[in-house]
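These entries record a look at the pockets of one structure. I set down what I looked up, pocket by pocket.

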Amino acid sequence: MFLDNLTENNCKLILQSISEIVWAVDLSTNKLQILCGHNNLLDYNNSEVTSLMDFAEKIILPEDKVRAKNDFHEFVSDNDIFLNRQYRVKNKHGEIKWLLINGKRIKFDNSAYTILIGTVSDITERKKAEEQMHYMAYHDQLTGLPNKASFLREIQRAIDGFGNRDVKSAVIFVDIDNFTSINDSFNHQYGDTLLKIVSELLKFCVRDYGFVSRDGGDEFLIFISDIMSMQQLKKVIHHINESFQNPFELLDVETYVTVSMGIYIFDNKDPDPNMITKNVDIAMHEAKMHGKNNFVFYDDELGCAIDRRKKIESSLQRSLQNGELEIYYQPQVDINYNKISGMEALLRWNSPEFGTVAPSEFIPIAEESGLICKIGEWVLKNACLQAKEWKERGYTFDTISVNISPKQLKNRYFVKLIDKVLQESKLDPKHLEIEITEGTLIKSVEEKSKLLQGLIDRNIKVSIDDFGKGYSSLSYLTSLPISTIKIDKSFVDQLCSDEKTRCIIECIIELSKKLHYNVIAEGVEKQEQKEILKNMGCNLVQGYYYSKPLTVSAIEKTFSKEEACYA
């Protein structure tokens with residue numbers, strides 16, 4: 001056998017070829033002997049380190065020293081224990097290393113002589129790699145901030161430490177407004193630089209209070225583990241807002257940046273970090289929906305509203321195929337003859353789950369989710385089919401008016417969709433009026449002008465809805481190809497009580513006549529309003545004074561095949 005032929009010198013040669021430290025302890029004397037490897041790893045020799053406890057005292061770092069002494073004592077005392085431990089040490093050159101120390105007990109046959117023998121391995125590089133992997137797992141690579149996983153761990157650690165103490169904590173969700181536009185306008189290098197600066201800015205803002213992490217993209221999470229008072233929290237929020245008041249100068253480009261924030265306050269009764277981040281995310285998105293550059297606190301009422309919004313969106317997805325949507329029609333009346341001149345198609349939803357849902361609630365949800373395009377196409381198609389049927393039955397009216405959403409207008413195939421619907425319904429284009437809000441139009445007058453001109457060229461009418469609501473410039477009226485202006489209900493409501501409002505309406509009517517536009521006054525509910533409008537020269541009105549929106553069967557009862565009149 002190979003081992004049988006080994007001499008003492010051969011054994012020494014083998015030991016010298018091993019890169020690890022090989023050590024042994026004679027239990028009769030507790031003397032430690034380094035057999036090989038000490039010069040390469042620690043630069044300590046047998047005369048400098050005489051026992052395991054001496055090894056722990058002189059070489060192992062203070063942070064690990066007590067643990068090492070306990071481990072060594074247990075190893076020496078217990079016959080059944082194997083040693084397998086990791087410690088940090090410092091060699092004579094001052095280098096910090098990680099060592100893996102293994103050891104086992106050897107009792108020689110037919111002898112009371114027992115030794116401990118083992119190895120010491122340098123695992124410094126492996127530990128560095130593990131630390132790097134750990135760092136990457138819990139830190140954002142761009143900004144160096146802790147990432148969301150680290151953030152959740154920090155919240156859980158704080159919650160675990162609350163115990164029975166009544167502690168209030170807060171999470172602030174910070175989102176950079178219009179960051180995508182910034183990236184598109186400049187470049188990703190600019191965007192990355194901006195994210196780095198924002199991360200440092202947020203760290204500075206909460207340096208005395210909280211923990212900042214990057215959630216991803218342009219989103220950041222701030223954790224304040226112990227709120228002393230609401231005043232303290234508002235001070236942090238105010239500091240963040242103030243920090244974004246001045247422009248950022250990056251890569252020779254100056255830009256203004258704002259942020260939206262959601263805030264959630266919680267205590268030790270909120271044990272789930274994921275629920276906490278969900279709630280603060282809800283609050284942040286609510287801040288976005290209210291115009292950005294502000295902040296919203298989460299509360300139960302907001303949570304219920306968001307849950308309802310999500311449920312409505314889910315139910316709205318199925319509303320078309322389940323036949324839950326219905327079109328009502330509100331007459332537009334020529335007050336000179338008390339005769340229906342047109343009708344506005346208005347969408348209604350009777351949900352099995354929610355009952356009758358107001359358009360003011362479900363239309364914005366449809367807009368936000370993108371469902372509005374599919375629903376809007378359904379309304380357009382069915383309104384045109386209904387108008388064609390009424391025309392064939394001899395009902396006398398000029399137009400059917402259909403509301404079009406901003407998202408529908410952005411569709412490059414919108415005009416082709418109109419052509420398709422008119423072709424399938426066989427409705428004469430002169431009987432269709434497309435209704436667009438004033439706010440939608442003025443966002444890109446030049447682009448919309450080309451689109452609307454395409455409709456006018458097809459003999460389709462175009463009306464501006466909610467005219468005068470929040471806008472002061474009338475110059476775009478000369479550049480947009482439109483046929484009708486609808487005076488907003490907010491003006492009509494004040495018609496009888498406010499002289500300035502009457503002057504504004506009178507000016508709108510006069511201007512429209514000179515520009516050869518039709519004028520419809522919305523929201524007419526009183527005879528006095530009707531009479532004032534008639535005297536001003538506005539001959540078309542719409543509102544509850546004549547009729548609320550009606551079902552198909554109800555409006556058919558209003559019609560006479562010869563004429564539809566309101567006595």
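This is a predicted model: local features need pLDDT of at least 70, side-chain atom pairs count only at pLDDT 80 or more; totals for chains, interfaces and linings use all residues.

Entry, second largest pocket. I noted a space of about 220 Å³ here. The lining has 13 residues, and His285, Ile306, Arg309, Lys310 and Glu368 are the closest to the centre. I found that H10 gives the most to this lining, with 6 residues. Sorted by class, I recorded 7 charged, 4 nonpolar and 2 polar residues in the lining of the second largest pocket.

Entry, largest pocket. I then turned to the largest pocket, in which about 1,500 Å³ of space lies. I listed 44 lining residues, with Ile363, Asn403, Thr437, Asp465 and Asp466 nearest the centre.

Entry, elements around the largest pocket. I checked which elements each supply at least two residues of this lining. The strands are E14 (339-351), E16 (399-403), E17 (432-437) and E18 (461-467). The helices are H12 (359-369), H13 (371-392), H14 (406-410) and H16 (438-442). The largest share, 6 residues, comes from H12.

Entry, classes in the largest pocket. I recorded 16 charged, 15 nonpolar and 13 polar residues in its lining.

Notes. Residues are numbered from 1 along each chain as its sequence is written. Side-chain values use heavy atoms; hydrogens and water are left out. On a 1 Å grid over the protein atoms alone, a cavity is a set of points where a 1.4 Å probe fits but cannot get out, and a pocket is an open set with protein on both sides within 12 Å along at least five of seven lines; lining residues have an atom within 4 Å of a point. Grid points are joined across faces, edges and corners, and a volume is the space filled by probe spheres set on the points. Helices (H or I, at least four residues) and strands (E, at least two) are DSSP runs, numbered from the N terminus. Ala, Val, Leu, Ile, Met, Phe, Trp, Tyr, Cys and Pro count as nonpolar, Asp, Glu, Lys and Arg as charged, and the others, Gly among them, as polar.
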